Structures are given as C-alpha cells and as structure tokens.
Amino acid sequence: MIFRGYMDESYDKHQKLFALSCLIASGKDWLEMERKWKLHLAAKNKQLKKEGRKLISRYHATDCSGRHNEFSGWTHDERDTFVKGLFGIFKRTPVHAVGLEVDLDDLCEVFPEFSGDRLKAAYRVLTKCVFQTIGEDCHNLGGGRRAEVTLFHDRTPNGKYDTTILESFNRMVLDSDFPYKSYFTTITPLSWENCIALQPADLVAFEVFKAAECRAEARTQRKSFDALLDLEAFGIHTRSISKDAMRQLRKELERYNAIEAL
C-alpha cells in the first residue's frame with residue numbers, strides 16, 4: 001500500500017501550546033479529497049462574488065475561526081456552515097489522521113538546552129513523535145500488508161524550520177533501532193499555494209490545538225472537535241505528549257548520548 005501524508009502545525013502567539021498533525025491517505029483518495037475541497041471553495045466563492053464580497057483563496061484555519069483577513073465580515077453562522085461542509089468532505093473520503101500536541105513550558109523544562117528557540121524545540125520533539133505514531137498505526141492497522149508513506153509538510157515561516165523537520169526525519173529513518181523506518185520514503189516542504197491537501201491538515205492541526213487549549217483553560221471542548229472525532233469514515237489518533245513521556249524520551253536519548261541529535 002502506497003500512501004501520502006500531509007503535515008501542518010498550529011500554535012499560539014505566546015508559544016505556549018504547539019500541535020502537529022499528519023493526514024494519510026492513498027493517492028486515489030487524496031485526488032478525491034482535493035477535488036471535493038476545491039468544489040466547496042469554488043461554491044463559496046461563487047456566492048461571495050454574487051454578493052459583491054471578498055473572495056477567499058483557501059481555507060486557513062486561524063483566519064476562518066477568527067473571521068480575519070479574507071474571512072472578515074463573515075457571520076458566526078456563515079463560518080460554521082462553511083466549516084461543516086469541509087467536515088462533510090472528511091466524512092465521505094477515507095483519511096487517517098495523527099494529531100499530537102505539547103505544552104512548550106513542559107518541553108523546555110525537560111529539555112532546557114532547547115529553550116532558546118521554543119518552536120525549534122517543538123518541531124524537533126513532535127516531528128519525532130508523529131513519525132513514531134504513524135509507524136505504529138501503519139503496523140497496527142495494516143493487517144500485515146507492506147506500506148510506504150511519502151510525506152509533505154507545510155513550509156515553515158521563511159523556511160526557518162524546514163531543515164529541523166528534515167533532520168528529524170533522516171535521524172528516524174537511519175536509526176537502526178526504529179522499527180518502522182521501512183514505512184517512510186521521503187519528506188518534502190510545500191507551500192499552500194501549490195498544495196490543496198495542506199488545507200485539511202491545517203484544519204486538523206488547528207482543532208487539535210484548540211482542544212488542547214480548552215483542556216489547559218478548563219473550558220468545555222469545542223463542538224467542532226467533537227464532530228471531527230465522531231466522523232465514522234475519519235480515523236484520528238490524537239494524544240498529548242506528557243511531561244513524563246518527554247522525560248522518558250530524554251532518558252533514552254541520554255543513554256545513547258543523542259540529545260544533540262534529537
């Protein structure tokens with residue numbers, strides 16, 4: 001089985017919480033996902049043009065949720081109806097998602113040597129954890145069938161952390177102790193302008209991030225996240241990387257003198 005995976009991240013301006021998602025599907029299912037996604041955006045733009053309003057170039061989770069930039073002037077109901085339509089695409093297209101999140105204060109407490117650049121620390125740790133989770137899921141859900149996953153990620157701002165992601169990928173697939181290295185082929189940065197599939201990844205990363213934010217602030221979980229979890233055709237593996245898990249990761253790295261190579 002040959003799959004493509006698309007990764008995107010979401011974090012707050014204070015760099016307190018960080019979420020990373022990866023959506024995985026066959027090439028055929030991605031083509032169908034992209035076709036339906038473009039049709040949904042085109043239908044909305046047709047309505048906006050008819051009403052003499054600003055068109056949208058893409059779905060962007062943060063702007064859509066806050067009704068900023070291209071989504072300014074939208075009502076809450078209009079936004080929610082639009083996003084529900086996107087959820088409907090997930091419902092009709094088989095996709096497996098991994099969504100992980102971490103508290104960056106906890107991460108920098110466990111790895112103080114990385115605290116000078118909190119986002120780089122997040123990419124280092126969560127990229128490794130995402131690859132581990134994808135490998136486990138391919139193994140557990142694949143029924144013994146061989147699988148190959150080619151990965152793409154949203155280009156980081158000015159490409160600053162693209163090298164960090166690539167280095168994490170290379171260390172995982174070259175690690176003789178990583179049992180799932182044979183599942184992974186390559187990883188490549190892409191820009192949203194050239195890749196519709198990054199938009200669904202953006203949606204999932206944002207929802208995982210907002211769910212973590214709700215837990216941190218003891219607020220009720222968002223209905224949109226509940227709706228995403230309840231989609232029968234949409235498999236999603238979400239988890240929070242706890243401080244204990246990070247301490248265990250540090251112990252393993254220290255055992256092989258590999259902290260700098262994380």
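User: How much space lies in the largest cavity?
Analyst: About 30 Å³. A cavity here is a set of points on a 1 Å grid over the protein atoms alone where a 1.4 Å probe fits but cannot get out. Points are joined across faces, edges and corners, and the volume is the space filled by probe spheres set on them. This is a predicted model, where local features need pLDDT of at least 70, side-chain atom pairs count only at pLDDT 80 or more, and totals for chains, interfaces and linings use all residues. Residues are numbered from 1 along each chain as its sequence is written, and side-chain values use heavy atoms, with hydrogens and water left out.

User: Nice. Which residues line the largest cavity?
Analyst: Met 7, Asp 8, Glu 9, Leu 20, Tyr 123, His 153, Asp 154, Thr 156 and Ile 165, where lining means having an atom within 4 Å of a point.

User: And which element gives the most to that lining?
Analyst: That's β1, with three residues. β1 (2-11) and β4 (148-154) are the elements that give two or more; strands are DSSP runs of E, at least two residues, numbered from the N terminus.

User: How far is the nearest cysteine sulfur from Cys 22?
Analyst: It belongs to Cys 138 and is 9.2 Å away. For Cys 129, the nearest is that of Cys 22, at 14 Å.

User: Is Cys 22 buried or exposed?
Analyst: Buried, at 0% relative accessibility; the cut-off is under 20% relative accessible area with a 1.4 Å probe, protein chains only. Cys 129 is buried too, at 12%.

Methods. Disulfide = S-S within 2.5 Å. Buried < 20%, exposed > 50% of the residue type's maximum accessible area, 1.4 Å probe, protein only. 1 Å grid on protein atoms, 1.4 Å probe; cavity = no way out; pocket = protein on both sides within 12 Å on 5 of 7 lines; lining within 4 Å. Helix = DSSP H or I, 4+ residues; strand = E, 2+ residues; numbered from the N terminus.
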